[in-house]
Amino acid sequence: MSITLISKEGAQFLVSKPVADRIGVVRDCAYGADFWLGYAVATDDSMGITLANVTSSILSKILVWCEHYKDMEPLVDGDSNMEFPEWDMAYIGHDMNQILFVLEAADYLHIPGLLLLACKGIADVLDGRNPRGICDLLGIVMDFSHRQEVDMDKENGYWRWFLHPT
Amino acid sequence: MTATEQPLCPLDILPVELFASILSELDLASLISASTVSSLFRSVIASPLLNPWRQPIRRVLLADEPYPPEFSQLGARLIVPRHNWIEILALARLEWILLSATVPSLPEQMWEEAFNRRWLPGMRKWKKLGNWQEAYKRTAMRIWHRLNSSCTSDESWCRYVVLNRNGSANLCEAYSRTFNPLAVFDEFKLQANLMHLETQVRLVVQFLDIRVIALGVLHHSSSLFVNSNARQLLHPPGVQSWIDDTDTISDATEAFDIVPSISSQRSPQVVTFAPQSLPNPYTPVLLQTAGGVPLHRAESNESTGSNHAPGRGVPFRRTMSNEANGRAAAGNGIFRRLTVSFGDRIFGGVSNDAGPSSPTIPGPVLGRSASHQPVHSFSTAPRTNGHTLPPSTSAPLAVPAIASSSSTYSTTNGPVSPSLAPPSGELLYPPLKYPTPVPEHRNYPNYTPSGSDNRWSRKGTLWELDEGGMLWAGPMMIVAQLVHPDNARVGEALDLTGQGRWAAFTTQDLFALAPWMEERVTKVVDGMGLGVF
């Protein structure tokens, strides 16, 4: 059985059931509550599901991930110290724009594993940068009031004093 | 084009939950740094509801490395929500809490919660008067002191529990300084006429500073000395190892042709896919190529090999094995599954190995007063005194491979990724929270698929008798040992020679760890009573 996914631009993607099952929204649309009760629902092969918030390029990228994980469980536990597989990190890359689009789409489509991977991808880009570097990267203007800056200086000074008392 | 070439600020249009999820993937130093970027960053990071600190803190606590320097100063930062300290106080190393951490001022409920999540219920007696903060710090100092010295002045008498084969339990005491559970258990074996059998040691569950150990002997199934309560303690009623579910589902297919989805195993194969080098097979059907031919994705079902695990919704074939045929009505497989699915209570009546539980029997009754019997009165010298028990003693008995026609038996028996753990909604018992076990036992009393939960001798079998066809016989002794988290890894050989490093283990602790035993233990005798049976 296969399901047709329709992107924001109207492009159609024909995906197999194991791949579509990775997408929570599609799974719920295609099978509804009966899926969780264990009944196989006979759906029409020509069934199409419109994903109005996902562009074609992002949907095709997401389907690559779903295809890869159709037979495996992705990492979904952010608490653990488990590292993401090499394939995942190569897949998500370092392009901030694209990762953000994948993140939004994964949230919209309810794909927890991909959502965690996208968060990890963005965190890797931000990791190790000082506040000024993050501002430059994201085009953020520091909007702290004078009082907030004083408070932060005091807090950071307190912390620095703890680490280096001399 | 990368983001560095085209600056943008899309983070402030994201929902704050997603923003907090991104921040929670940072490490502690980067998170502290990010808190000074802008007021949006700071408000999300300081939010007690979004709490992006939780995951970085847990990653630090669960890592085997020394804590980073910024971790010890979290208490001095106002942007760290205070309730994170429950987790820290429950999971951090004692010496770090006592010697390095800057612990902020916390409400009394947080100290109580941290105390209950860290230590056995029997240790609540140390609170006495005073508040929970004092009780927590006093207990932490006592345990740390005992771990680093041979001092037993805090607890001169060490209590332990003995489960008798007549259904009763004895709450015994021994002099802490010379307490040797192997020597004591040898005396119990002598009294029970089981001296010829080898002592088996099992790790029941391990907490951060304490681990609970059971000592017993295994005998053949027709023995008159079989102790059903001992088996019930190690194998909670209705719980099989998680991988056993495959067998159960295999049996279930005899009743239902199609079963709902189950999670497939993570494939151990090495991934060699390079996203940049391979073409994306997912190209829109309506997006025509240059030649006007619509592109379709290759059908993936045919491309997957036969060795792949079945995907979601794929009907399972009937896998009739010899074991399944032989014991179809013996309380395993579909019957146990049905007990789990439709029973009103956890302790379903279908189990054929029910112990001495009876609804007519009243709850635990405290018997006569304790009679102190120091260990030095025993004359039998411990056979393994002064040595670490070899893994063969502490590990389950080796069981010969079962010749089975079922392909489901070929599933992994080794370490399984923690991410493959079944969600808590599928667990038969709620995982123990007070106290909280180490991650290797996080599903306790259910099976934890990390390869370290060795209460089950063999995973993936439908063996009616555990431990290679043998059963626990005679008394079973349950003791609590103080351990340092860095020196006592779950899965390693159990070292029972720690002089003076034994904590009191009472029936209160037993029933907190194994609440199903409360209705199976017919009587609790404080002291030796008329002897151990």
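This is a predicted model: local features need pLDDT of at least 70, side-chain atom pairs count only at pLDDT 80 or more; totals for chains, interfaces and linings use all residues.
Modeller: Local features need pLDDT of at least 70, side-chain atom pairs count only at pLDDT 80 or more, and totals for chains, interfaces and linings use all residues. Residues are numbered from 1 along each chain as its sequence is written, chains are lettered from A and ligands numbered from 1 in the order in which they are written, and side-chain values use heavy atoms, without hydrogens and water.

Colleague: What makes up the secondary structure of chain A?

Modeller: Nine helices and three strands. Helices (H or I, at least four residues) and strands (E, at least two) are DSSP runs, numbered from the N terminus. The order is β-β-α-α-α-β-α-α-α-α-α-α.

Colleague: How do you know what span to expect for helix α6 of chain A?

Modeller: The expected span is 1.5 Å times one less than the number of residues. Helix α6 (residues 96–109) has 14 residues and an expected 20 Å. From first C-alpha to last, α6(A) reaches 20 Å, close to that expectation.

Colleague: Why is A:His110 called partly exposed?

Modeller: Buried means under 20% relative accessible area, exposed over 50%, and partly exposed in between (1.4 Å probe, protein chains only). A:His110 has 44% relative accessibility, so it counts as partly exposed. A:His110 sits in the loop between α6 and α7 (112–126) of chain A.

Colleague: And why does B:Asn193 count as exposed?

Modeller: Its relative accessibility is 57%, so B:Asn193 counts as exposed. B:Asn193 lies in the loop between α9 (181–191) and β3 (199–206) of chain B.

Colleague: Which residues of α6(A) are buried?

Modeller: Among them are A:Met96, A:Ile99, A:Leu103 and A:Leu109. Across chain A, 53% of the 166 residues count as buried.

Colleague: Which residues make the contact between α5(B) and α7(B)?

Modeller: Contact means heavy atoms within 4.5 Å. Helix α5 (residues 84–91) and helix α7 (residues 108–118) of chain B pack at about 35 degrees, with axes 8 Å apart. The contact includes B:Ile86 and B:Leu89 of α5(B) and B:Met110 and B:Trp111 of α7(B). Axes are lines fitted to C-alpha atoms, for helices over the stretch in contact, and angles run from 0 to 180 degrees between N-to-C directions.
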